[in-house]
Amino acid sequence: MSGKQLAWDLLLDRYARLIYSVPRRFGLSEDDAADVFQNVCVSLWRNLGALRDTNSLARWLLTVAQNECIETIARQKRDRVRVVESGDIDDTVDRSQVEDPFTPDLLEQLEEEHKLRLALAKLPDRCQQLLKLLYFDPTHPSYVEIAARLGLGSTAVGINRARCLERLRRILADAEE
């Protein structure tokens, strides 16, 4: 595999979940979400040379994905309309008719979640497991249950939690610089 291909694959791996989160929020089908993902990737590939600020790449990808979703929904609406006479449909998209689930606050939240996922992935496996159990497990296990799952003493959970959170803070701080 060439270096360029590897770099491209790593870039897609890094941002795939973020891109796919957009069509999911719009309620698109799996097939439509895959089409949106593909179109965003093509757009990224075409614009890669023009993108200068890597810090704003996530927001750029979210915006492109959102626009693709809006176009997909508008196209689906047009496809459902029966045309009696030629020219009955205006091909321009009235974006005000498509519900936009992305407020600026939500876009910021998605970016922050993405940064957190990337930072978590940089932690040692034991820290990842511990933090996921503490903060992301929908069953909200107790320290005793977490200790049993990870093979720790129950008092070690709190100590390891503090250490892992400090590592995570450092990773996040380094990413901001």
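1. A crossing of two helices is called right-handed if the near helix is turned clockwise from the far one by less than a right angle. Keep that term in mind for this predicted model.

2. H2 covers residues 30-47, and its axis comes within 10 Å of the axis of H1. The two axes cross at roughly 135 degrees. Angles over 145 count as roughly antiparallel and 65 to 115 as roughly perpendicular. The H1 and H2 angle therefore makes H1 oblique to H2.

3. Which residues of H1 and H2 make the contact? H1 brings Trp8, Leu11, Leu12, Ala16, Ile19, Tyr20 and Pro23. H2 brings Ala33, Ala34, Val36, Phe37, Val40, Cys41, Leu44 and Trp45. Sort the residues of this contact by class and you get 15 nonpolar, no polar and no charged.

4. Move on to H5 and H7. H7 spans residues 154-176. It packs against H5 at an angle of about 105 degrees, and the axes are 10 Å apart. Because 65 to 115 degrees counts as roughly perpendicular, H5 is roughly perpendicular to H7.

5. Here is the H5 and H7 contact in detail. From H5 come Cys127, Leu130, Leu131, Leu134 and Tyr135. From H7 come Val157, Asn160, Arg161, Cys164, Leu165, Arg167 and Leu168.

6. The crossing of H5 and H6 is right-handed.

7. What makes the contact between H5 and H6? On H5, the residues are Arg126, Gln129, Leu130, Leu133 and Leu134. On H6, they are Tyr143, Ile146, Arg149 and Leu150. By class, this contact has six nonpolar, one polar and two charged residues. Note that Leu130 and Leu134 of H5 are listed in the contact with H7 and in the contact with H6.

8. Last, look at the second largest pocket. About 300 Å³ of space lies in it. Its lining has 13 residues, and the closest to its centre are Arg17, Leu116, Arg117, Leu118 and Leu120. Helices H1 (3-26), H4 (104-121) and H5 (125-135) each give two or more residues to this lining.

9. Which helix gives the most to the lining of the second largest pocket? H4 does, with seven residues. By class, the lining of this pocket has five nonpolar, two polar and six charged residues.

Definitions and conventions. Residues numbered from 1 in each chain as written. Predicted model: local features only at pLDDT ≥ 70, side-chain atom pairs only at ≥ 80, totals over all residues. Heavy atoms only, no water. 1 Å grid on protein atoms, 1.4 Å probe; cavity = no way out; pocket = protein on both sides within 12 Å on 5 of 7 lines; lining within 4 Å. Points joined across faces, edges and corners; volume = space filled by probe spheres on them. Helix = DSSP H or I, 4+ residues; strand = E, 2+ residues; numbered from the N terminus. Nonpolar A, V, L, I, M, F, W, Y, C, P; charged D, E, K, R; others polar. Axes fitted to C-alpha atoms, helices over the stretch in contact; angles between N-to-C directions. Parallel < 35°, antiparallel > 145°, perpendicular 65-115°, else oblique. Contact = heavy atoms within 4.5 Å.
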